[in-house]
Amino acid sequence: MVSSEPLTGFAIAAVLEDGRWRCSVLEDGLEELDAAIDELRKLRSTGAVFGMLAVDDEFFILLRPSPQGVATVLSDAAAALDYDIAADVLDLLRAEPPEDEDDEIWPAGDLALLADLGLPEAEMQVIVDEVDLYPDEQLRMVAQRCGFADEFDNALERISS
């Protein structure tokens, strides 16, 4: 489906424990969806745990495991035409990718994924619709709205150093 070039971007886990956020890097999260989900499931917490993946300056993925399964958001379903990890998200969602000639950006998944953390569905839609922003900028907006922008920035610094 896609070229075998390595993906650029990042995968970060956000964990809310006792009212405090911490962010860590998901080491294998960018290459395979199952690896990201497995890493997130290992981060046991009494609070929220979710993953934020930015892929090739093209799109982002949010993952939130729970005992019932994994809730997810793919910022642009058309990415599944070019990226295996995006196609895997659509498979998980049991959704079809758009047609090749469809130029519109449309998200897939549960846009209310982080509503309980301060990011309602309507605001997530606004973030997804910000097509002039790179995925890292969109994810920073997510982090800011949920209240862990500083921790997110620190995780990005660790990745780039």
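In helix α5, the residues Ala149, Phe152 and Ala155 are buried, where buried means under 20% relative accessible area, exposed over 50%, and partly exposed in between (1.4 Å probe, protein chains only). Seen down the axis of α5, the buried residues fall within an arc of 125°, so they line one face of the helix; the arc is that of the directions from the helix axis to the C-beta atoms. The face turned away from this buried side carries the exposed residues Asp150 and Glu157. The structure is a predicted model, in which local features need pLDDT of at least 70 and side-chain atom pairs count only at pLDDT 80 or more, while totals for chains, interfaces and linings use all residues. Residues are numbered from 1 along each chain as its sequence is written, and side-chain values use heavy atoms, with hydrogens and water left out.

Helix α5 covers residues 149-160, which is 12 residues, and reaches 17 Å from its first C-alpha to its last. This span is close to the 16 Å expected at 1.5 Å a residue, the expected span being 1.5 Å times one less than the number of residues. Helices (H or I, at least four residues) and strands (E, at least two) are DSSP runs, numbered from the N terminus. The cover over the buried residues of α5 includes β1 (9-17), β2 (20-25), β3 (49-55) and α4 (135-146).

The protein has 5 helices and 6 strands, and from the N terminus on its elements run β-β-α-β-β-β-α-β-α-α-α. Its radius of gyration is 15 Å, close to the 15 Å that the globule rule gives for 161 residues, so the protein is as compact as a globular protein of that length. The radius is taken over C-alpha atoms, and the globule rule is 2.2 Å times the number of residues to the power 0.38. Along the principal axes, the C-alpha atoms fill a box of roughly 45 × 35 × 30 Å. Of the 161 residues, 44% are buried. Among contacts (heavy atoms within 4.5 Å) between residues at least 6 apart in sequence, 56% join residues at least 24 apart.

The 6 strands of an open sheet have the order β2-β1-β3-β4-β5-β6, with antiparallel pairing; two strands pair if DSSP finds at least two bridges between them. The edge strands are β2 and β6 (108-109), each of which pairs on one side only. Strands β1 and β2 run antiparallel and are joined by 6 bridges. Strand β3 pairs in the antiparallel sense with β4 (residues 59-66) over 5 bridges, and Ala54 stands opposite Phe60 in β4.

Two loops of the sheet contain residues with a positive phi. Most residues other than glycine have a negative phi. Strands β1 and β2 form a hairpin with 2 residues between them, and Asp18, in the turn, has a positive phi of about 55° although it is not a glycine. Asp18 counts as exposed, at 70% relative accessibility. Asp56 lies in the loop between β3 and β4, and its phi is near 50°, again a positive value in a residue other than glycine. At 19% relative accessibility, Asp56 counts as buried.

Strand β5 (residues 69-74) includes Ala71, which is partly exposed, with a relative accessible area of 27%. Leaving aside its neighbours within four places in sequence, Ala71 is in contact with Leu62, Leu63, Arg64 and Leu113. Ala71 and Asp38 are 33 residues apart along the chain, and their C-alpha atoms are separated by 14 Å.

A search of the whole structure finds 0 disulfides, a disulfide being a pair of cysteine sulfur atoms within 2.5 Å. Cys23 is in no disulfide, and the nearest cysteine sulfur, that of Cys146, is 10 Å away. For Cys146, the closest cysteine sulfur is in Cys23, and the 10 Å between them is too far for a bond. Cys23 is buried, with a relative accessible area of 11%. Cys146 is buried as well, with a relative accessible area of 9%.
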